[in-house]
Amino acid sequence: MSFLATGKVNYPARIKRAELLSARHPFAAKILDFYAHVARFQKDFYEQLPKHWGKQPIAPPDGDLRAELNLPVVLNSFGAFLSLIESNAPGPLAARARQLRMQGETRCAQLLTEYWKAGLLESSSVDQLDEFLARAFFQPYGEFIVAAMLPPVLPMTVCRCPRCNALPLLGVLRPEGDGGKRFLQCAFCSQEWEFRRILCAHCGEEKESQLPVYVAEAFPHIRVECCDTCKRYLRTIDLTRDGNAIPIVDDLAAIPLHLWADENGYKRIQDNLLGT
Ligand SMILES: [Zn+2]
Ligand SMILES: [Zn+2]
């Protein structure tokens with residue numbers, strides 16, 4: 001596993017990329033402008049964490065991200081996050097943020113603790129609006145702790161995040177020699193780990209004839225990697241085609257790929273934050 005090749009957390013770059021893609025893809029402008037608001041909060045939160053915490057968080061036992069939650073640190077910033085959502089989100093989400101803020105700190109603590117323990121996939125008790133709030137809020141927090149841990153050493157066939165057990169959001173192809181190495185990127189904490197090129201990240205299918213790859217003209221650097229065995233698909237951002245792409249942001253702009261997959265009967269392994 002090559003660690004240096006994987007992505008670094010860089011919020012200023014994400015914000016800039018969102019602004020650029022918003023101008024380039026008018027159909028995604030609304031989504032990306034909202035994302036940029038969220039990312040500006042995430043950047044501030046990320047930068048404040050070392051102050052609250054000391055220089056580095058202590059790595060959780062067994063490398064399991066969800067083993068511990070620093071509740072005072074997260075509560076300290078959650079109110080500001082809810083206010084930001086109130087001012088910038090579409091109606092129902094803004095209303096939910098306001099309601100949570102009015103319900104007070106005990107209710108917020110309960111929601112955050114519950115979500116942190118349950119993780120991304122098993123959070124069926126959490127409704128969609130709450131899931132958005134918790135997921136967007138925890139992203140920088142998870143990234144901060146993961147960045148302080150040693151990289152995981154794994155076989156290249158692991159389909160779930162080694163840190164938090166969430167499903168992969170994306171594949172990322174990073175330049176390596178003449179081709180590219182594929183990594184999976186966690187949908188919750190953004191941990192990346194290396195993964196075989198020809199292998200379904202959902203069911204483990206490895207027959208190349210069952211794994212068609214589609215690329216749309218509008219997004220030449222985004223591979224829609226499908227599996228005809230389980231009918232799931234993974235979007236892989238190909239950095240060998242566009243070295244300026246920021247996977248997490250370019251993915252949000254690729255709304256037409258979502259529609260295409262729907263029409264063709266493929267379901268994404270894990271949706272992104274804004275369901276695009
Ligand atoms: Zn993770
Ligand atoms: Zn599959």
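Helices (H or I, at least four residues) and strands (E, at least two) are DSSP runs, numbered from the N terminus. By that naming, His 221 sits in the loop between β4 (213-215) and β5. This is a predicted model, in which local features need pLDDT of at least 70 and side-chain atom pairs count only at pLDDT 80 or more, while totals for chains, interfaces and linings use all residues. Residues are numbered from 1 along each chain as its sequence is written, chains are lettered from A and ligands numbered from 1 in the order in which they are written, and side-chain values use heavy atoms, with hydrogens and water left out.

**Zinc ion (ligand 1)**

- Cys 161 (SG), Cys 164 (SG), Cys 186 (SG) and Cys 189 (SG) coordinate the zinc ion (ligand 1) at 2.3 Å. Donors are N, O and S atoms within 2.8 Å of the metal (3.2 Å for Na, K and Ca); water is not among the atoms, so sites may look incomplete.
- The arrangement around the zinc ion (ligand 1) is tetrahedral because its 4 donor atoms subtend angles of 98 to 122 degrees. Four donors count as tetrahedral if all angles lie between 85 and 135 degrees; four count as square planar and six as octahedral if opposite donors are over 155 degrees apart and all others between 65 and 115; anything else is irregular.
- The spacing of these donor residues in sequence is C-x2-C-x21-C-x2-C.
- Cys 161 has a relative accessible area of 4% and is buried; Cys 164, with 3%, is buried. Buried means under 20% relative accessible area, exposed over 50%, and partly exposed in between (1.4 Å probe, protein chains only).

- Cys 227 counts as buried at 1% relative accessibility, whereas Cys 230 is partly exposed, with a relative accessible area of 22%.

**Packing of helices α5 and α6**

- Helix α5 (residues 105-118) packs against helix α6 (residues 128-147) at an angle of about 75 degrees, and their axes are 10 Å apart. Axes are lines fitted to C-alpha atoms, for helices over the stretch in contact, and angles run from 0 to 180 degrees between N-to-C directions.
- The angle makes α5 roughly perpendicular to α6. Angles under 35 degrees count as roughly parallel, over 145 as roughly antiparallel, 65 to 115 as roughly perpendicular and the rest as oblique.
- On the α5 side the contact (heavy atoms within 4.5 Å) involves Arg 107, Leu 111, Leu 112, Tyr 115 and Trp 116. On the α6 side, the residues include Asp 130, Glu 131, Phe 137, Phe 138 and Tyr 141.
- The residues of this contact comprise 8 nonpolar, 1 polar and 4 charged. Ala, Val, Leu, Ile, Met, Phe, Trp, Tyr, Cys and Pro count as nonpolar, Asp, Glu, Lys and Arg as charged, and the others, Gly among them, as polar.

- Tyr 46 belongs to helix α2 (residues 29-53) and is buried, with a relative accessible area of 18%.
- Leaving aside neighbours within four places in sequence, Tyr 46 contacts Val 9, Tyr 11, Pro 140, Glu 143, Phe 144 and Ala 147.
- From Tyr 46 to Asn 10 there are 36 residues in sequence and 9.8 Å in space, C-alpha to C-alpha.
- Glu 86 is part of helix α3 (residues 71-88) and counts as buried at 18% relative accessibility.
- Not counting residues up to four places away in sequence, Glu 86 touches Ala 94, Ala 97, Arg 98 and Arg 101.

**Residues in loops**

- Cys 159 lies in the loop between α6 and β1 (168-176). Beyond its neighbours within four places in sequence, Cys 159 is in contact with Pro 168, Trp 193, Phe 195, Cys 200 and Ala 201.
- Ser 190, in the loop between β2 (179-186) and β3 (192-194), has a phi near 65 degrees, a positive value in a residue other than glycine.
- Lys 231, in the loop between β5 (222-226) and β6 (232-238), has a positive phi near 60 degrees and is partly exposed at 34%.
- His 221 counts as buried at 8% relative accessibility. Leaving aside neighbours within four places in sequence, its contacts include Arg 17, Thr 236, Arg 241 and Asp 250.
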